[in-house]
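Biologist: I'd like to learn how to read charge pairs in a model. Could you walk me through this one?

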Amino acid sequence: ALGMRITLDKAGNICGTISVGNNPQKTIAIGSHTDSVYDGGQFDGPVGVVVGLQTAENLIKSKNCTGIIKVPIYACEESSRFGNACLGSKYLNGTITEEDFSSIMDQKALNQGKTITLQEAINFANSYLKEHVDGIQEVDKIFDTVDYSLEAHIEQYDSLKKIYKKNKQDTIGIINSIGSAVRIKYDVEGQSNHTGSTPMKKRKNAVDATAFIGKLVRKLGKRYEKQGLGRASQVEINTPGHNGSFNQIPNRANGLIDFRLQGENTPEAVLEAFENIKQQVEAKTKTKITTTVVSQGTPVVTSKELNQKLAQICEQKGIQSIEMPSYPGQDTGYVPATEKTMVFIPSTGGSHNPDEHTKKKFIKPATILFTELAKELLLEKFRDSQKVDVTLKPVSGIAQKQSAKVSEHAISTDELSL
């Protein structure tokens with residue numbers, strides 16, 4: 001209906017593109033993702049695509065701007081299936097390549113003794129789209145770079161909704177930084193023995209090790225949160241081969257740890273902290289622990305200039321704006337763009353569950369903001385001297401207190417002891 005050219009790339013990214021005005025030079029991308037986690041909700045991701053389409057429609061109707069408008073749907077933003085997030089946007093900036101697709105595995109399939117690669121999943125999805133979407137065109141990448149990237153997203157918590165409820169005023173969160181994740185899988189090797197006859201001091205209980213790891217990771221996560229450096233959780237533990245035997249000490253266990261980084265925190269500091277936890281637990285439980293880093297990334301700063309423009313538009317339109325970080329990682333953090341930012345809209349029910357929810361009245365202000373911002377950007381004189389910088393930069397000076405250096409926050413055995 002909007003007359004866009006629809007393209008599909010080798011990572012499964014989809015994009016609608018249209019030119020407006022007489023001499024389009026600058027390109028703006030306004031989109032998000034549509035995939036969800038297992039047993040997830042309907043709004044995490046799709047809301048941003050809806051805002052992109054609505055904004056594109058407004059810009060197409062406008063007679064005062066000139067540029068190339070793209071509405072991307074980034075593939076595989078969630079990490080629940082392949083253990084690695086934002087695969088579509090990472091493909092666009094070169095963090096992963098087509099050669100990597102065959103080595104990235106469906107984690108649920110692996111647990112069921114099956115093998116499904118990312119490449120196989122992309123082939124299946126792209127074949128379906130080519131069969132069912134008229135006129136869709138295959139390309140290597142939906143774009144190499146854009147001048148501006150915008151994304152709207154539900155907050156995935158309820159702080160903005162509470163502010164809206166208190167002030168009875170349209171509310172938007174302007175994101176000044178986007179968090180990253182360090183994801184670790186660990187395996188514990190203990191020793192099977194009788195639960196009745198083995199003295200407590202002689203046990204090498206693999207499950208005990210997972211319990212101690214969970215306790216220390218939670219303690220570290222609470223400290224990170226207080227210092228504006230992130231959060232952390234143990235998200236899964238398993239005891240392969242134990243079969244629920246009450247009278248047998250489990251000799252094997254494994255677990256998954258999710259670290260969320262903000263501010264000046266770095267993957268190196270987090271991995272050092274977990275190594276210290278690992279050594280403590282090995283000494284305490286007499287077990288052997290091996291670790292695998294599934295993925296890691298560095299927090300990203302959004303465009304201060306775009307955020308200031310958004311705040312000014314909010315003031316003009318009577319929309320209350322709150323500057324805030326995004327603890328979850330987002331596609332915006334990886335999209336190759338000269339300038340990028342995103343906004344949160346109020347939502348309820350948290351996220352990554354069927355209860356996540358938002359309303360049309362919360363989505364509308366995001367469309368208004370992006371329409372006005374895009375009009376302003378596409379009216380500006382094209383700055384051909386700008387160079388594209390897609391380096392993932394650490395965040396500094398965001399809303400939370402982050403004055404301490406990361407090196408000072410490396411976990412020690414004195415601070416987190418068993």
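Modeller: Let's start with Asp158, which is partly exposed at 25% relative accessibility. Here buried means under 20% relative accessible area, exposed over 50%, and partly exposed in between, with a 1.4 Å probe and protein chains only. This is a predicted model, where local features need pLDDT of at least 70, side-chain atom pairs count only at pLDDT 80 or more, and totals for chains, interfaces and linings use all residues. Residues are numbered from 1 along each chain as its sequence is written, and side-chain values use heavy atoms, leaving out hydrogens and water.

Biologist: Which residue forms a salt bridge with Asp158?

Modeller: Side chains of opposite charge can pair when their charged atoms come close. The rule asks for a side-chain nitrogen of Lys or Arg within 4 Å of a carboxyl oxygen of Asp or Glu. For Asp158 the partner is Lys162, with the closest N and O atoms 3.9 Å apart. Lys162 is exposed, at 53% relative accessible area.

Biologist: How many salt bridges does that rule give?

Modeller: The count comes to 11 salt bridges. One of the pairs is Arg81 with Asp106, at 2.6 Å from N to O. That pair links distant parts of the chain, 25 residues apart: Arg81 sits in the loop between strand E5 (67–74) and helix H2 (87–93), and Asp106 in the loop between H2 and helix H3 (107–111). Helices (H or I, at least four residues) and strands (E, at least two) are DSSP runs, numbered from the N terminus.

Biologist: Are those two side chains buried or exposed?

Modeller: Arg81 counts as partly exposed at 32% relative accessibility, while Asp106 counts as buried at 5%.

Biologist: And what about Arg183 and Asp258, buried or exposed?

Modeller: Both Arg183 and Asp258 are buried. They form a salt bridge with the closest N and O atoms 2.8 Å apart. Again the pair links distant parts of the chain, with Arg183 in strand E9 (residues 180–189) and Asp258 in strand E11 (residues 252–261), 75 residues apart.

Biologist: Which residues are linked in a network of salt bridges?

Modeller: Lys10, Glu98 and Asp140 are.

Biologist: Now zoom out for me. What does the secondary structure of the chain come to?

Modeller: The chain has 9 helices and 15 strands. Buried residues make up 50% of its 418 residues, and the C-alpha trace spans about 85 × 50 × 40 Å along its principal axes.
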